[in-house]
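Please walk me through this structure in plain terms. I would like to start with some single residues and end with the chain as a whole.

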Amino acid sequence: MANMKWTEIQSFVDKKALVLLPLGVIEEHGPQLCLGTDIYTAHIYCLTIKEKLEKMGYIVVIAPPFYWGVCQSTGGFTGSFRVRKETAKALISDILLSLAEFGFKNVFGVNAHGDIEHNVAIIEAFREVSEQKQINACYAFDEWRFPHFGLKLDEPWLCPVKPQIINVSKAEVPDVHGGDIETAMIHEFYPNLVDVEKAKSLPPVALDESSVEAWLFGGHIKELSSQGYLGSPADFDNVEVQKNVDDYASRITEAILGRIV
Ligand SMILES: [Zn+2]
């Protein structure tokens with residue numbers, strides 16, 4: 001939408017288009033990757049989901065990206081902007097209500113950032129707006145995370161996304177943050193935004209079980225990884241990127257299809 005004129009947006013409203021809203025943050029992703037990694041990734045997913053839905057006959061438009069989400073895990077690191085949960089929630093609500101005011105009937109949130117507080121902000125905004133019944137606002141959220149958030153799987157403002165069952169990485173250390181998969185995604189679609197030489201030089205950094213909580217609840221990133229990544233960026237060129245994008249997009253598309261009104 002950001003590249004369109006208002007008249008084009010109006011024609012999408014008139015054609016009852018579905019809206020995809022990319023959601024992310026601006027945060028450090030190690031010394032090899034740009035701060036915008038998550039929002040670029042969400043945008044890549046949206047482009048592929050759009051393609052899939054259009055093949056089924058739906059008309060789809062992508063909303064301007066929301067990239068001022070909450071950096072919990074990497075909070076305190078240079079480049080991770082401190083946006084309060086309340087600010088993120090209020091901003092997402094305003095975006096959803098604006099889309100409703102334009103006349104759109106369906107909007108689906110597509111997120112590529114895992115922090116708890118960030119997801120709470122999104123869930124609360126989608127719930128509030130959806131309860132006002134001005135628009136079918138539905139957030140595509142990983143099914144396995146529902147119980148951790150006290151959710152039941154039948155909330156109308158959420159569409160549960162099935163878990164990933166394929167393996168796209170050959171790294172021995174999983175990509176928790178700024179590892180091989182994220183590096184590979186950005187390298188494939190925005191090659192100028194990855195320092196390849198740097199990525200190749202980075203040793204793997206793993207999160208042991210006792211430090212998972214410290215990571216999740218934030219404020220300890222420098223102790224866990226002085227360079228700000230958790231994973232194995234050097235393995236990025238062994239990642240099956242297209243397979244990963246297609247798998248994500250297929251699972252989110254399936255989730256969306258169940259919730260279109
Ligand atoms: Zn990320």
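L153 sits in the loop between β4 and β5, the latter being residues 158-161. In this predicted model, the phi angle of L153 is positive, about 85 degrees, although L153 is not a glycine. L153 has 10 other C-beta atoms within 10 Å. A residue with 12 or fewer counts as exposed, so L153 is exposed.

A second residue of this kind is K133, which lies in the loop between α4 and β4. K133 is not a glycine either, yet its phi is positive at about 60 degrees. Inside 10 Å there are 9 C-beta neighbours, so K133 counts as exposed.

The loop between α4 (116-131) and β4 (136-142) also holds I135. Is I135 buried or exposed? It has 22 other C-beta atoms within 10 Å. The cut-off for a buried residue is 20 or more, and I135 is therefore buried. Leaving out residues up to four places away in sequence, I135 touches L96, L99, A100, F104, K105, V107 and V129. One of these, F104, is 31 residues from I135 along the chain, and the C-alpha atoms of the two are separated by 7.0 Å.

Helix α3 covers residues 85-102, and its axis comes within 8 Å of the axis of α4, with a crossing angle of roughly 35 degrees. The crossing is right-handed. On the α3 side, the contact is made by K85, A88, K89, I92, S93, L96 and L97. On the α4 side, the residues are E117, H118, V120, A121, I122, E124, A125, E128 and V129. Sorted by class, this contact has nine nonpolar, two polar and five charged residues. Two residues of this contact, L96 of α3 and V129 of α4, are also among the residues that I135 touches.

Another helix to look at is α5, residues 180-189. How many of its 10 residues are buried? Eight of them are, so α5 is largely enclosed by the rest of the structure. The buried residues are D180, I181, E182, T183, A184, M185, I186 and H187. What covers them includes α2 (37-55), α6 (196-201) and α9 (241-257).

Of these helices, α2 packs against α5 at an angle of about 65 degrees, and the two axes are 10 Å apart. That angle makes α2 roughly perpendicular to α5. The crossing of α2 and α5 is left-handed. In this contact, T37, Y40, T41 and I44 of α2 meet E182, M185, I186 and F189 of α5. Five residues of the contact are nonpolar, two are polar and one is charged.

Finally, consider the whole chain. It has nine helices and five strands. Their order along the sequence is α-β-α-β-α-β-α-β-β-α-α-α-α-α. The radius of gyration is 18 Å, close to the 18 Å that the globule rule gives for 261 residues, so the chain is as compact as a globular protein of that length. Taken along the principal axes, the C-alpha atoms fill a box of roughly 50 × 35 × 35 Å. Of the 261 residues, 46% count as buried. Among contacts with a separation of 6 or more, 76% join residues 24 or more positions apart.

Conventions:
Residues are numbered from 1 along each chain as its sequence is written. This is a predicted model: local features need pLDDT of at least 70, side-chain atom pairs count only at pLDDT 80 or more; totals for chains, interfaces and linings use all residues. Helices (H or I, at least four residues) and strands (E, at least two) are DSSP runs, numbered from the N terminus. Two residues are in contact if their C-beta atoms, placed from the backbone, lie within 7 Å. The radius of gyration is taken over C-alpha atoms; the globule rule is 2.2 Å times the number of residues to the power 0.38. Axes are lines fitted to C-alpha atoms, for helices over the stretch in contact, and angles run from 0 to 180 degrees between N-to-C directions. Angles under 35 degrees count as roughly parallel, over 145 as roughly antiparallel, 65 to 115 as roughly perpendicular and the rest as oblique. A crossing is left-handed if the near helix is turned anticlockwise from the far one by less than a right angle, and right-handed if clockwise. Ala, Val, Leu, Ile, Met, Phe, Trp, Tyr, Cys and Pro count as nonpolar, Asp, Glu, Lys and Arg as charged, and the others, Gly among them, as polar.
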